[in-house]
Amino acid sequence: MSPLLSLRDLSISFATDGGILRAVDRVSFDVPAGGTVALVGESGCGKSVTAQAILRLLATPPASIDGGQILFEGRDLLTLPERAMREVRGGRIGMVFQEPMTSLNPVYTVGFQLIEAIRLHRKVSRGEARRLAIEGLARVGFPEPARHVDGYAHQLSGGMRQRVLIAMALACSPALLIADEPTTALDATVQAQILELLQKLRDEGGMSLLLIAHDLALVAEIADEIVVLYAGVVVERGPARALLAAPAHPYTRALLASVPPRTHRTRGQRRVKLPTLAGTLPDLRSPPTGCRFQDRCAEVMDRCRTETPALVLAGDGAGGEPTLVRCFAVEARRGAA
């Protein structure tokens, strides 16, 4: 069965005063129909840039799509005329942006913004759009949606604002929902509620979900597959259960080690000291030769500084769940086994 969304060797750069910054380098992954894929990595790894490229929201210039394809329902979004792309954007693909505190317009009511999103893609009267807006708020768990539809963003909590953004993204029943850090700035309890809501909506509507996050503990609850990005490159990819049970890349292991235990993720628990990953992301205007993780890796070898590793099987694929990893140390361990 063909995937709903397929990225093939997508490369994106930005023109800066200091030179060309290569933000995404030959990224490939699939999002199956009805499935959830999580794109994870620390800030600056290229996650949000990839999401914005899917919907062609990057300003060009300074951004430039240097190569690759973004295939959605069999069509390459990078070659679609703008008119056709407007029908896809918000219609077939919905997006929940970061920062629920600032993504809503403060001078318009919640209902006005929902109604505009509905009428942009559906030929309905304003009265019918209002009815659909109220239904949309009810669907995402709003108490008294008929009252809140006439309220303003400043009257809502962060979690409720995020629910409004989800309702807007789902207004036209998209086949794919992209959620870019949907739990940013929310406390742990509300984070869990938002993810449970996304999972429920996915299961009920049969849509696919591309979830962008930096917290592996959060995506573990909902993702079918995980794609780990580091400095614009996919360093590990595979089924969530297999990847989390036996992470192969040193960067994936570092991300998992930095996750607080579940018992310490809620307010009121004692503080615990977590391991941190020393160093910073490389300057993508002049990325290092070889592996991009070399300066932060405890397993670095001489060839890591001169050769670029390819994505290879991390294990034998036992149980039908092979994962792919971009690491010479993994290859060396497999050769010694």
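β8 (208–213) and α8 (216–220) each supply at least two residues of the lining of the second largest cavity. The model is predicted: local features need pLDDT of at least 70 and side-chain atom pairs count only at pLDDT 80 or more, while totals for chains, interfaces and linings use all residues. Residues are numbered from 1 along each chain as its sequence is written, and side-chain values use heavy atoms, with hydrogens and water left out.

**Cavities**

- A cavity is a set of points, on a 1 Å grid over the protein atoms alone, where a 1.4 Å probe fits but cannot get out; lining residues have an atom within 4 Å of a point.
- Grid points are joined across faces, edges and corners, and a volume is the space filled by probe spheres set on the points.
- Two cavities of 30 Å³ or more are counted by this rule.
- The second largest cavity holds about 30 Å³ of space.
- Its lining consists of Pro182, Thr183, Leu195, Leu211, Ile212, Ala213, Leu218 and Val219.
- β8 gives the most to this lining, with three residues; helices (H or I, at least four residues) and strands (E, at least two) are DSSP runs, numbered from the N terminus.
- By class, the lining of the second largest cavity has seven nonpolar residues, one polar and no charged, where Ala, Val, Leu, Ile, Met, Phe, Trp, Tyr, Cys and Pro count as nonpolar, Asp, Glu, Lys and Arg as charged, and the others, Gly among them, as polar.
- The largest cavity has about 80 Å³ of space.
- Of the 13 residues that line the largest cavity, Cys291, Cys297, Cys304, Cys327 and Phe328 lie nearest its centre.
- The lining of the largest cavity divides into nine nonpolar, two polar and two charged residues.

**Sheet**

- Four strands form an open sheet in the order β2-β1-β4-β5, with antiparallel pairing.
- β2 (19–31) and β5 (75–76) are at the edges and have a single partner strand each, so one side of each is left without a neighbour in the sheet.
- Eight antiparallel bridges join strand β1 (residues 5–16) to strand β4 (residues 63–72); two strands pair if DSSP finds at least two bridges between them.
- Leucine 7 stands opposite isoleucine 70 in β4.

**Arginine 161**

- Helix α6 (residues 158–169) contains arginine 161.
- Arginine 161 counts as buried because its relative accessibility is 14%, and buried means under 20% relative accessible area (1.4 Å probe, protein chains only).
- The side chain of arginine 161 reaches the backbone oxygen of alanine 153 at 3.0 Å.

Note on methods: 1 Å grid on protein atoms, 1.4 Å probe; cavity = no way out; pocket = protein on both sides within 12 Å on 5 of 7 lines; lining within 4 Å. Buried < 20%, exposed > 50% of the residue type's maximum accessible area, 1.4 Å probe, protein only. Polar contact = N/O pair within 3.5 Å; in protein donor to acceptor, adjacent residues only side chain to side chain.
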